[in-house]
Amino acid sequence: ETAPSFISKQLDIDYLITGTISKHKDSVRVIVNLLNAPEDALLVSLVFEKDYDHILSVQADIGTEISEELNLSLSPNELIRVNQIPTNNLDSYNMYLKGAMTSSTYLAGAQSRAIEYFNKSIELDPDFALPYAGLAECYRLLALRNKDSLDQEIKRIKSLALRSIEIEDNEFAHMVLGALAVTQECNWQEGEREFRRAIEVNPNNPDAYLYLADFLLHVEKSFDESEIQLKRAQLLDPFNINHKLFLAKYHFFKRDYKNAMTEFHNAARINENLTKKIELGFFVLVKQQKYDEAIKELETLMRSNEKYKNIAHEVTPVYEIEGMDGVFRYLIHNKVYFESLVSNEYLTFAGYHAYLGEKTKAIDNLRSAIDSNSHCLYVIPTNPYFDDLQSEPEFVQLMQRIGLAEILDSEFKS
């Protein structure tokens, strides 16, 4: 068991809360320990007992008593958050939690299953705000892959998110609206406004800072400000693998490939099965010109993908005969790409062609991405693989179409 003093040094904190929860028949007991972390000293131990049906009110009780023990003066908004119970229907809350957990896995079919949980949660309590935001995010993620009736889907997503806010203003709905504006509508002002509003609603949600950090990195090219938001996210949730992966991408887009690979390996220590399915490591190693390692990473990536696992063994022979250029030509010929939340088919193939110096074909793919309203167009200007395209008039015109031409060839803002 890790000592509180060690955690204190790692996270730069003074206090730590630990606890246990046990259930006996229809009652629940929660024991909460407030520790002086640097001294490994117990300050107070609190015991809360509730009927199982009222378990959701324990969170409010804990927050109130802990703040009193520390002599904290809570603001009116903080008092509201501490005492707020999202729903009085425990079954509805459990359905919501199952939906949120399922959606966060991003596995095949996860969003469809999560939608079933969220709908059940709403059926049990139509006035519970959070499952509406969960539904909106599921439909947004599904719309990234399916462009059919996109306008109708956007209307549905906004309607659900706004309904969630109407019931109870919450950061989750604002994050959905912000992500929708940035990834699917190229509405940069609306995206930033929603991300900042999410932080205002709940300054303790790490994902809100992560969304804003991503926006500032790509759309504003504001390196320092993005790093500030990222550090806030990490302080709130230091062991979140998504934060580790974002830090790896952050260094990649900064052209700091050594640290990008270091953070990618750190993420792999948390969940190696997940990182095996993410293409970032391959692209970083290519930029480092560590081609032997890049080929191993690519083979691992292809073996972890049902579409390409049967041809993964072909990569090394191609590399040995034709070098890295031959590998990229092979990927193009066999239409190998890895769909993700920050890339798609057109952007991937544009990167392949750009690596090979085939600027016209790279720009043609970028044009197709914009014409088809592909998601995540905002990462184009900051992608290192497109650096040599930035002086091309056609590339500049494409960036003008999505309102990002002004950040081309600019250094990261301090």
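**Selected residues and helix pairs**

Thr 87 sits in the loop that runs between α3 (76-83) and α4 (90-104). Before I go further, please note that this is a predicted model.

Is Thr 87 buried or exposed? Its relative accessibility is 3%, and buried means under 20%, so Thr 87 counts as buried. The side chain of Thr 87 takes part in a polar contact with the side chain of Asp 125, at 2.5 Å. A polar atom of the Thr 87 side chain also lies 3.0 Å from the backbone nitrogen of Asn 89. If we set aside the neighbours within four places in sequence, Thr 87 is in contact with Leu 56, Ser 92, Tyr 93, Asp 125 and Phe 128.

I move on to Leu 90, which is placed in helix α4. The relative accessible area of Leu 90 is 10%, and this residue is therefore buried. Which residues does Leu 90 touch, not counting those up to four places away in sequence? They are Tyr 52, Asp 53, Ile 55 and Leu 56. For one of these, Asp 53, we also have a separation: Leu 90 and Asp 53 are 37 residues apart in sequence, while their C-alpha atoms are 6.4 Å apart in space.

Let us turn to helix packing. Helix α7 covers residues 150-167, and its axis comes within 9 Å of the axis of α8, with a crossing of roughly 155 degrees. Why is this pair described as roughly antiparallel? Angles over 145 degrees count as roughly antiparallel, and the pair α7 and α8 therefore falls in that class. The crossing of these two helices is left-handed. On the α7 side, the contact is made by Ile 154, Ile 157, Lys 158, Ala 161, Leu 162, Ser 164 and Ile 165. From α8 come Ala 173, His 174, Val 176, Leu 177 and Leu 180. By class, the residues of this contact are nine nonpolar, two polar and one charged.

Helix α8, residues 171-183, also packs with helix α9, residues 188-201. Here the angle is about 165 degrees and the axes are 8 Å apart. α8 and α9 are therefore roughly antiparallel to each other, and their crossing is left-handed. Which residues of α8 meet α9? They are Glu 171, His 174, Met 175, Leu 177, Gly 178, Ala 179, Ala 181 and Val 182. Facing them in α9 are Trp 188, Glu 190, Gly 191, Glu 194, Phe 195, Arg 197, Ala 198 and Val 201. This contact divides into nine nonpolar, three polar and four charged residues. His 174 and Leu 177 of α8 take part in the contact with α7 and also in the contact with α9.

**Helices α15 and α16**

A further pair is formed by helix α15 (residues 280-287) and helix α16 (residues 291-303), whose axes come within 8 Å and cross at roughly 165 degrees. With that angle, α15 is roughly antiparallel to α16. α15 passes α16 in a left-handed crossing. The contact involves Gly 281, Phe 282, Leu 285 and Val 286 of α15, together with Tyr 291, Glu 293, Ala 294, Glu 297 and Leu 298 of α16. These residues comprise six nonpolar, one polar and two charged.

**Two further buried residues**

Phe 252 is located in helix α12, residues 241-253. With a relative accessible area of 5%, Phe 252 is buried. Not counting residues up to four places away in sequence, Phe 252 touches Tyr 257, Ala 260, Leu 280, Phe 283, Val 284, Lys 287, Asn 383, Pro 384 and Tyr 385. Phe 252 and Ser 75, by contrast, are 40 Å apart in space, C-alpha to C-alpha, and 177 residues apart in sequence.

Finally, His 218 lies in helix α10, residues 206-218. The relative accessible area of His 218 is 2%, and His 218 is buried. With which side chain does the side chain of His 218 make a polar contact? The partner is Thr 382, at 2.6 Å. Beyond residues up to four places away in sequence, His 218 touches Phe 253, Tyr 378, Val 379, Thr 382 and Ile 407.

Technical notes
Residues are numbered from 1 along each chain as its sequence is written. This is a predicted model: local features need pLDDT of at least 70, side-chain atom pairs count only at pLDDT 80 or more; totals for chains, interfaces and linings use all residues. Side-chain values use heavy atoms; hydrogens and water are left out. Helices (H or I, at least four residues) and strands (E, at least two) are DSSP runs, numbered from the N terminus. Buried means under 20% relative accessible area, exposed over 50%, partly exposed in between (1.4 Å probe, protein chains only). A polar contact is a pair of N or O atoms within 3.5 Å; within protein, one must be able to donate a hydrogen and the other to accept it, and residues adjacent in sequence count only if both atoms are side-chain atoms. Contact means heavy atoms within 4.5 Å. Axes are lines fitted to C-alpha atoms, for helices over the stretch in contact, and angles run from 0 to 180 degrees between N-to-C directions. Angles under 35 degrees count as roughly parallel, over 145 as roughly antiparallel, 65 to 115 as roughly perpendicular and the rest as oblique. A crossing is left-handed if the near helix is turned anticlockwise from the far one by less than a right angle, and right-handed if clockwise. Ala, Val, Leu, Ile, Met, Phe, Trp, Tyr, Cys and Pro count as nonpolar, Asp, Glu, Lys and Arg as charged, and the others, Gly among them, as polar.
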